[in-house]
Amino acid sequence: MKGLVHAAIAGAVWSPTSWARATGGLTRHQHIPLTLERREESSQQVDSAAELCTTTKCRDYAKYILDSFSPNYTAIDPCTDFDKWSCDGWTANHQYRPEQSSLSVSSVLSDSNRDMLHAILEGQYPANSTFTGQDQTLDKANFDKMKTAYNTCMAEDKIKEYGLNPLQDLLDDFEEVFPMKAERDREGSYKDELTAVATWLQKNQVAGLLSSSPGANDMSPDEVIIGLDASEIQLPKAYYNKSVVLTNYTRAIAQMYQVLSSGDPIDESPIPAWKNSSLFEKAKRVVDFEKLIADKVAEPEVKNDIKYSYNLKTLGELDTLVPQISIQQYLKNLAPPGYPIDSKRTVIAYDIGYFGNLSEIIKTTSRQTLHDYFEWRLIITHSERLHSNYTAPVRRFKNVLNGKEPDASPLRWRSCISEVDDSLGHLLGAAYIQRLFTKQDKARGDQVINDVKRVFGDNLKYLDWMSNSSKAVAAEKVKNIIPKIGYQVQNPNEESPSDLNQYYTNLRLSADYFGNGQAGYKWAQNKTWHDLLKPTDRTQWGMTSPTVNAYFNPPLNEIVFPAGIMQPPFFNSELPNYVSYGGFGATAGHELTHGFDDNGSKYDVNGKYREWWDNETTAKFEAKTQCFVKQYNEYTVEGLEGEKVHVNGKLTLPENIADSGGLNAAFRAWKDRQTASGKQDPALPGLEKLTNEQLFFVSYGNGWCEKVRKEALLSQVLSDPHSPADKRILGPLANSADFKKAFNCPVKKATCDLW
Ligand SMILES: [Zn+2]
């Protein structure tokens, strides 16, 4: 299901230099003498005479790695501080843009991909297109559609011209559906009104009181089922206990009300404080209500657990649970004709605790508060398509919260590329793969993933905590895992201009930027809800092809790797194998291991959510996971006042299991390939003294180099299921006996182990 898909990388972050430019930059670490000795046993099974790779690709990569090492590396023990050892140079060489809250190897690669997309969208249709005839005509039409989306986003003068009008129109419509004061002559009950407004909000991109979306049924993956979830709140749950944050949030809302009521943009800082106390009172009502919801929604680690979140309920049961709103009627309004909705229809209620409290929430909340909350959700959602002068209070609040410079915003073209990626992702993806993704890349990607799958399956027989019957099923499950690599090839096929053209044919864009946003959402919603009329479409991807990330989808038992992540420094088919296996291979292993983390392991060989382990194996597995919980609970980051804040070992458990299992599998996969070749992988210029094994771990560690502002780091620790990047180096390496052997560390045993 959407909510439980496990991605490799947290958040969305952007950075100033592309990888290519970063490698062409500083040279000061290039000639540092490396004192690490090649270990004897590493060369026993293969020919010890490693060739030196001197191609441009190898030279660039070697230089990049040397630049990434700590300038002070000889004083650092790689066994305990591999994050600093391998990343301090990288951290020093990369500077935040004002609007960035973090900067990482993957965000630098994202930037590089984005630069390329920028050139495409600023350019003309390519004169050297490989398409001919009708295909070229359609490819050109697709290109023009992307350009329309991009150009209307870039036309800031026009956006400024329409000012607040489209948002005001939307708020007027809302007022018709749910006026602030009950109207005596209005037909129908309060319940009818709440049902109608919940529907209207969902159709206008807002989850008011509840949200809903169709997706694969975890217990019957080929069936599409409706999932229901809680209302939206703006901040991570844990922030609703922080009074300073809430005060700033309240002020930002009040200031936005002021902008809306005066119609005047705020051009420059400092933003005046609210002048009108009734606006402040209104803002406070909204924040208090969000706090009430925050108290009632499950903790993120609870919500991420399928045992908590998979609750099949009939609509009859839900309507009894929440008598103040007709969930049945709400879904009737949203589902396509031909999909019968009645009291016997079952849905999944993800956050069942919230639904248990929803009746009480509605009973104890005034109409006015609900009205103000719904209105605020509309404002915050749709103000993204207003001119930036109108949104200064919100921008400033968010920036400060994330440790960014208060008035910073990304260059407009960066936002507009994200926008095209959101609305026309397959078109942008098609343009991207035409230019950057080769058949050779695809073949090498297949090889890495198949190798990782094979060794993961082979290794099962060595696990002493798993019963033979469970091992047999696990091996079957590994075999069944479907890898998707590069880009979507069906519904639509990104290689086919006519397929793409047909796919987007009903999405009609104009020169109206605000209107295009609404049209795009309605088009996507229509597609999603029509999924209810057919079996689960297994060809779909949850990420676009230029994305630098990957994911595992439990009910579909699939691991998905967009072309965007299959680039240097994670992957390159012309670099020595240890580079791609230590980087991309570890990501492949990570996603595969998600099939066997504390959540994914509850899905069987066919992706069905059901218990398939015997009790003893389950008990031993759970005991072993406690080692990971304890290990990561002990890691700390610096809080805002310099205090130590602990990583949440339970919240991050699935990701930590996946990181360690993924690294182990990638190493074994690479080692097998090296052994089969009968010789060492080529050495790299300037890195000759590092063994192949050490370079494998260098590639792994480098992939997680990151710098992050402390406010953003704190937010991540409070709410993100991924551990901070430096812990994603330290934890898995502490859990890797292969790493300890490669670096001749005093402690040889893995701290925690599972897969
Ligand atoms: Zn993950």
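**Helices, salt bridges and a charged patch**

Aspartate 407 has a relative accessibility of 40%, so it counts as partly exposed. That label sits between two others: buried is under 20% relative accessible area and exposed is over 50%, with a 1.4 Å probe and protein chains only.

Okay, before I go on, a word on what you're looking at. This is a predicted model, where local features need pLDDT of at least 70 and side-chain atom pairs count only at pLDDT 80 or more, while totals for chains, interfaces and linings use all residues. Residues are numbered from 1 along each chain as its sequence is written, and side-chain values use heavy atoms, leaving out hydrogens and water.

Back to aspartate 407. Which side chain does aspartate 407 meet in a salt bridge? Its partner is arginine 396, at 2.9 Å, N to O. By salt bridge I mean a side-chain nitrogen of Lys or Arg within 4 Å of a carboxyl oxygen of Asp or Glu. This pair links distant parts of the chain, 11 residues apart: arginine 396 is in helix H17, and aspartate 407 is in the loop between helix H17 (392-401) and helix H18 (412-423). Helices here are DSSP runs of H or I with at least four residues, strands are runs of E with at least two, and the numbering starts from the N terminus. Arginine 396 is partly exposed too, at 24%.

Lysine 284 and aspartate 288 are both in helix H10 (residues 277-296), four residues apart, which is about one turn. Their side chains form a salt bridge at 3.4 Å, N to O. An α-helix has 3.6 residues a turn, so residues three or four places apart point the same way. As for cover, aspartate 288 is partly exposed at 39%, and lysine 284 is partly exposed at 35%.

Helix H20 (residues 439-459) has a pair as well: arginine 454 and aspartate 451 are three residues apart there, about one helical turn. The side chains meet in a salt bridge at 3.2 Å, N to O. Is aspartate 451 buried or exposed? Aspartate 451 is buried, at 3% relative accessibility, whereas arginine 454 is partly exposed at 39%. Elsewhere, salt bridges that share partners tie Arg97, Glu99, Asp111 and Arg414 into one network. And how many salt bridges does a search of the whole structure find? The search gives 36.

H26 runs over residues 653-677, so 25 residues, and spans 36 Å from first C-alpha to last, close to the 36 Å expected at 1.5 Å a residue. That expected span is 1.5 Å times one less than the number of residues. H26 is largely enclosed by the rest of the structure, because 19 of its 25 residues are buried.

H16 (residues 367-382) has 16 residues and reaches 23 Å, close to the expected 22 Å. It's mostly covered, with 15 of those 16 residues buried.

Last stop, the surface. Asp169, Asp172, Asp173 and Glu176 gather there in a patch of negative charge. Patch residues have over 30% relative accessible area and no salt bridge, with like charges joined within 9 Å and nonpolar side chains (Val, Leu, Ile, Met, Phe, Trp, Tyr) within 5 Å. Aspartate 169 sits in helix H7 (residues 165-177) and is partly exposed, at 47%.

Definitions and conventions:
Areas by Shrake-Rupley, 256 points an atom, 1.4 Å probe, with all protein chains shown as cover. Lys, Arg positive; Asp, Glu negative; His and termini not counted. Charge placed at Lys NZ, Arg CZ, Asp CG, Glu CD.
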